[in-house]
Amino acid sequence: MTTLELLSPLEPARRRAFTLRPYLSLVPPATVLLIFFAVPMGMMVGMSFQGADDEAWTTANYQRFFSDDLMLAGLGRTMLMSGLVAICVTVMAYPLAYYLARSTSRWRIVVFALAIAPELAGVVLRTYGWLVILEDHGFVNSMLIWAGLISDPLPLSRSMFGVVAGLTHVVLPFGVLSLLTSLQGINPNLEKAAQVLGASRPAVLRHIVLPLSIPGIVSSLLIAFTMAASAYATPALLGGAGFKVLATMVYEQVLFYIDWPFAAVMANVLLAAMLVAVFIGSRIEARLHNKLHL
């Protein structure tokens with residue numbers, strides 16, 4: 001018995017419309033990204049190749065950047081600062097996120113509120129708070145001198161330590177949220193089963209929870225790294241005039257030296273460094289994920 005399927009002339013057009021319908025929802029965000037991200041980034045890349053004559057395209061600005069010891073030192077300082085912040089944020093956020101993911105206590109909501117509380121205040125306000133704590137006559141140095149542990153103030157502010165401490169405070173809530181999402185996706189029954197079979201609590205955390213939370217760890221590291229690398233207010237206030245990172249150097253080139261092409265070069269180098277870090281992090285995550293599922 002043969003069944004005949006009759007299709008109207010409009011049926012292919014309807015099928016194509018149905019197929020394209022999911023992609024139509026991408027048009028508004030794609031348009032926004034194109035206008036407010038892709039176009040400005042393209043303009044900045046083009047500006048970085050401008051020479052003294054606006055119509056002459058040259059790589060002299062990039063040669064100047066990579067041959068200048070001050071610029072390379074600023075790049076290295078930016079990467080070191082961002083790496084330290086990423087590690088500090090992830091290490092501090094992990095136990096807090098684990099508690100929030102597993103706790104059923106009534107204090108859980110209070111701890112969660114305290115974890116994201118730093119985002120309720122402005123970056124400048126939080127940074128000035130750290131400046132009051134870490135400056136030469138601030139709370140920490142005053143207490144140490146009063147206790148007789150030191151005789152001269154420690155250089156806590158206007159140093160790498162102060163900037164890392166301030167940025168860790170600023171970025172910590174993002175690390176907590178990233179790790180919390182990953183830890184909540186781990187079935188608690190896996191931990192209970194391992195403990196029933198005789199595994200100790202540290203062994204469960206090391207061999208089960210930690211490997212399964214690798215995506216959250218990598219995500220926390222990358223978020224903290226990129227946010228710290230592009231931060232301006234905290235390095236400028238806590239680091240002082242002598243603490244040069246790419247974000248503060250771009251600011252100086254734009255406002256003080258009025259050298260927009262060279263500022264565009266530094267911004268492009270900073271963006272390229274962050275993209276490389278994201279690529280390396282994603283590759284490491286994929287490799288560890290594959291090993292875990294072998």
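The model I consulted is a predicted one.

**Entry 1: α6 against α7**

I looked up the geometry behind that opening note. Helix α6 covers residues 123–134 and helix α7 covers residues 139–146. I then listed the residues that make the contact: V132, I133 and L134 on the α6 side, and F139, V140 and N141 on the α7 side. By class I recorded five nonpolar residues, one polar residue and no charged residue.

**Entry 2: α6 against α8**

I turned next to the packing of α6 with α8. I read an angle of about 140 degrees, with the axes 10 Å apart. The two helices are therefore oblique to each other, since an angle has to be over 145 degrees to count as roughly antiparallel. From α6, the residues R126, W130 and L134 meet F161, G162, A165, G166, H169 and V170 of α8. I divided the residues of this contact into five nonpolar, three polar and one charged.

**Entry 3: α8 against α11**

How do α8 and α11 lie relative to each other? I found that their axes come within 8 Å and cross at roughly 155 degrees, and the two helices are therefore roughly antiparallel. α8 passes α11 in a right-handed crossing. On the α8 side I listed L167, V171, F174, G175, S178, L179 and S182. On the α11 side they meet G216, I217, S219, S220, I223, A224, M227 and A228. I counted nine nonpolar and six polar residues in this contact, and no charged ones.

I then examined S220 by itself. S220 has its place in helix α11. Is S220 buried or exposed? I read a relative accessible area of 1%, so S220 is buried. Leaving out residues up to four places away in sequence, S220 touches V89, T90, G175, S178 and L179.

**Entry 4: the nonpolar cores**

Which residues have the most contacts inside the largest nonpolar core? I noted L167, L183 and V209, in a core of 36 residues. The elements that give two or more residues to this core are α4 (69–102), α8 (160–184), α10 (201–212) and α11 (214–229). I also recorded a second, separate core of 15 residues, which includes Y62, M249, A263 and V269.

Apart from its neighbours within four places in sequence, L183 is in contact with Y94, A97, Y98, A101, R102, V209 and S213.

**Entry 5: A203**

I located A203 in helix α10. Its relative accessibility is 26%, and A203 therefore counts as partly exposed. I also looked up the separation of A203 from F65: the two are 138 residues apart in sequence and 49 Å apart in space, C-alpha to C-alpha.

Where does R158 lie? I placed R158 in the loop between α7 and α8. R158 is not a glycine, yet its phi is positive, at about 55 degrees. With a relative accessible area of 54%, R158 is exposed.

I258 was the next residue I looked up. I258 lies in the loop between α13 (246–255) and α14 (260–292). I258 is not a glycine either, and I read a positive phi of about 50 degrees for it.

Notes:
Residues are numbered from 1 along each chain as its sequence is written. This is a predicted model: local features need pLDDT of at least 70, side-chain atom pairs count only at pLDDT 80 or more; totals for chains, interfaces and linings use all residues. Side-chain values use heavy atoms; hydrogens and water are left out. A nonpolar core is a set of buried Ala, Val, Leu, Ile, Met, Phe, Trp, Tyr and Cys residues joined through side-chain atoms within 4.5 Å. Buried means under 20% relative accessible area, exposed over 50%, partly exposed in between (1.4 Å probe, protein chains only). Helices (H or I, at least four residues) and strands (E, at least two) are DSSP runs, numbered from the N terminus. Contact means heavy atoms within 4.5 Å. Axes are lines fitted to C-alpha atoms, for helices over the stretch in contact, and angles run from 0 to 180 degrees between N-to-C directions. Ala, Val, Leu, Ile, Met, Phe, Trp, Tyr, Cys and Pro count as nonpolar, Asp, Glu, Lys and Arg as charged, and the others, Gly among them, as polar. Angles under 35 degrees count as roughly parallel, over 145 as roughly antiparallel, 65 to 115 as roughly perpendicular and the rest as oblique. A crossing is left-handed if the near helix is turned anticlockwise from the far one by less than a right angle, and right-handed if clockwise.
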